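I want to jot down what I look up here, one entry at a time.

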Amino acid sequence: MNDSTSDTPPLSTSAPLLDLRGVAKVFESGQANVTALSDVDLAFQKGELIVVLGPSGSGKTTLLNLLGGLDRPTSGSIAYTGIDIATLSDRDLGRFRREHIGFVFQFFNLIPTLTARENVEFAAELVMQDRHSVDETAERLLNLVGLSERSDHFPSQLSGGEQQRVAIARALAKDPDILLCDEPTGNLDFRTGQQILALLQSLTSERGKTCVLVTHNSAITPIGNRALRLRDGRVQSDEVNSEPVAAADVEW
Ligand SMILES: Nc1ncnc2c1ncn2[C@@H]1O[C@H](COP(=O)(O)OP(=O)(O)O)[C@@H](O)[C@H]1O
Ligand SMILES: [Mg+2]
């Protein structure tokens with residue numbers, strides 16, 4: 001059940017990185033309103049890997065979009081290190097997104113006419129001025145995701161797993177503290193998916209990134225420090241996993 005109603009102590013005594021209070025999102029579509037999220041109270045800490053589960057339509061993508069400042073809640077607050085991003089101007093919300101959030105999508109969304117390296121450089125250029133930093137960042141990140149050898153290939157010349165690695169390198173180019181991943185393994189075979197999950201695990205445990213990983217695959221749940229289940233736009237359960245399993249050891 002939802003921990004917010006129990007006496008369970010908070011995960012950590014330090015101030016949360018993201019703190020959602022009373023968040024709701026209602027979409028107006030035609031005559032009817034669709035309540036995508038309601039009564040969401042959640043706090044995320046630095047370095048957590050949160051696996052978000054829930055059936056199609058339960059509000060997972062809506063939650064990611066709100067966390068990443070791609071959309072605003074209809075009501076409630078979303079505090080990032082104490083600042084309510086829901087009240088920022090469009091310009092400041094854009095800056096928040098640019099500086100702090102890395103997005104990873106199911107279908108990679110790479111720019112097809114740019115090479116792997118250029119895709120990462122393009123993202124780096126949004127936050128860096130000088131050419132040397134951009135070059136160095138792209139090189140280092142493509143190396144980190146194991147793609148140094150293929151950096152001059154276009155997306156169409158790369159496998160799905162390789163494209164997703166490029167997408168992760170691109171998301172990391174701005175050195176975000178939060179990675180928001182929507183079904184990042186949904187379009188990958190099992191082995192490749194494992195490798196991507198292992199990469200996300202190391203980014204949280206070794207580099208202190210906070211990763212919110214949306215999936216409908218419950219087999220992935222044990223790799224996270226935390227499992228959040230959504231149902232009909234509400235938090236159905238929020239469980240801490242004190243002993244995450246290595247991605248290489250989960251099967252689906
Ligand atoms: N832009 C939108 N306009 C209208 N309804 C939307 C919009 N985005 C999402 N919804 C609705 O909100 C609910 C939650 O959607 P979503 O967050 O995409 O769920 P999930 O990612 O879990 O499949 C669904 O009923 C969906 O149809
Ligand atoms: Mg979705």
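**Helix H5**

I checked the length of H5 first: at 1.5 Å a residue its 13 residues should span 18 Å, and its end C-alpha atoms are 18 Å apart, which agrees. The expected span is 1.5 Å times one less than the number of residues. Helices (H or I, at least four residues) and strands (E, at least two) are DSSP runs, numbered from the N terminus.

Housekeeping: this is a predicted model, where local features need pLDDT of at least 70, side-chain atom pairs count only at pLDDT 80 or more, and totals for chains, interfaces and linings use all residues. Residues are numbered from 1 along each chain as its sequence is written, while chains are lettered from A and ligands numbered from 1 in the order in which they are written.

Is H5 mostly covered or mostly open? Mostly covered, with eleven of its 13 residues buried (20 or more other C-beta atoms within 10 Å of a residue's own; 12 or fewer is exposed, in between is partly exposed; C-beta atoms are placed from the backbone). Among the buried ones I noted Arg165, Val166 and Arg170. They pack against S6 (101–104), H3 (116–125), H4 (131–144), S7 and H6, contact being C-beta atoms, placed from the backbone, within 7 Å.

**Helix H6**

H6 (190–205) has 16 residues and reaches 22 Å from its first C-alpha to its last, close to the 22 Å expected. I listed its buried residues, including Ile196, Leu197 and Leu200. Their cover includes S3 (49–53), H5 (160–172), S7 (178–182) and S8 (210–214).

**The sheet**

I traced an open sheet of four strands, ordered S2-S1-S4-S5 with antiparallel pairing (strands pair if DSSP finds at least two bridges between them). S2 and S5 (83–84) are the edge strands, each pairing on one side only. H1 packs on the sheet and touches S1, S2 and S4, its direction making about 120 degrees with that of S1 (axes are lines fitted to C-alpha atoms, for helices over the stretch in contact, with angles from 0 to 180 degrees between N-to-C directions).

I then looked at Ile83, which lies in S5. It is partly exposed, because 13 other C-beta atoms lie within 10 Å.

**Ligand 1**

Which residues surround ligand 1? I found Phe27, Ser29, Val34, Ala36, Gly54, Ser56, Gly57, Ser58, Gly59, Lys60, Thr61 and Thr62, counting C-beta atoms, placed from the backbone, within 6 Å. S1 (18–29), S2 (32–44) and H1 (60–67) each give two or more residues, and H1 gives the most, with three.

Definitions and conventions. Two residues are in contact if their C-beta atoms, placed from the backbone, lie within 7 Å.
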